[in-house]
Amino acid sequence: MAVHDDCKLRFLELKAKRTHRFIVYKIEEKQKQVVVEKVGEPILSYEDFAASLPAEECRYAIYDFDFVTTENCQKSKIFFIAWCPDVAKVRSKMIYASSKDRFKRELDGIQVELQATDPTEMDLDVFKSRVN
């Protein structure tokens, strides 16, 4: 599975310049490549991010999660989310699962990985528990 150059470019923008809150990636089967489906502005909330993931289709996503440490320091971590809802087509789940590691290697700087099959597996409490 090829990775479109735009995928890496948008990720670098998020990582270095913080110009995005999140990025949603989609596999275009006909073109056999991963492409950027949606980019979220820095002002958008976690709810906007969650709403951008389709309920019945798989996606990869990057989320820049801001949090405050127990020492009261403002920090952020870059999450990679493999979104594969239970109701997605089996073929789609297989393609996303088999392409995930190769795609992740293209994005240098991911700090936390999440696998989610329903929204409860990636709610804000899960993010908070994974940064400590």
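Ring pairs tie Phe22, Tyr46, Phe49, Tyr63, Phe65, Phe67, Phe79 and Phe127 together into a cluster. A pair here means rings of Phe, Tyr and Trp (its six-membered ring) whose centres lie within 6.5 Å; planes under 30 degrees apart count as stacked, over 60 as edge-to-face and the rest as tilted. The model is a predicted one, with local features needing pLDDT of at least 70 and side-chain atom pairs counted only at pLDDT 80 or more, while totals for chains, interfaces and linings use all residues. Residues are numbered from 1 along each chain as its sequence is written, and side-chain values use heavy atoms, with hydrogens and water left out.

By the ring rule there are 16 aromatic pairs. Take tyrosine 46 and tyrosine 63: their ring centres are 5.7 Å apart with 90° between the planes, an edge-to-face arrangement. This pair links distant parts of the chain, with tyrosine 46 in helix 2 (residues 46–51) and tyrosine 63 in strand 4, 17 residues apart. Helices (H or I, at least four residues) and strands (E, at least two) are DSSP runs, numbered from the N terminus. Phenylalanine 65 and phenylalanine 67 make a stacked pair, because their centres are 5.9 Å apart and their planes sit at 15°. Phenylalanine 65 is buried at 5% relative accessibility, and phenylalanine 67 is buried too, at 10%.

Helix 1 (residues 5–17) comes next. Its 13 residues reach 18 Å from first C-alpha to last, close to the 18 Å expected at 1.5 Å a residue (the expected span is 1.5 Å times one less than the number of residues). Cys7, Phe11, Glu13 and Leu14 are buried in helix 1. Seen down the axis, the buried residues of helix 1 fall within an arc of 155°, so they line one face; the arc is that of the directions from the helix axis to the C-beta atoms. Turned away from that buried side are the exposed residues Asp5, Ala16 and Lys17.

Most residues other than glycine have a negative phi. Lysine 32, not a glycine, has a positive phi of about 55° and lies in the loop between strand 2 (22–28) and strand 3 (33–40). Asparagine 72, also not a glycine, has a positive phi of about 70° and is found in the loop between strand 4 (59–68) and strand 5 (74–83). Lysine 32 is exposed at 58% relative accessible area, and asparagine 72 is exposed at 65%.

Technical notes
Buried means under 20% relative accessible area, exposed over 50%, partly exposed in between (1.4 Å probe, protein chains only).
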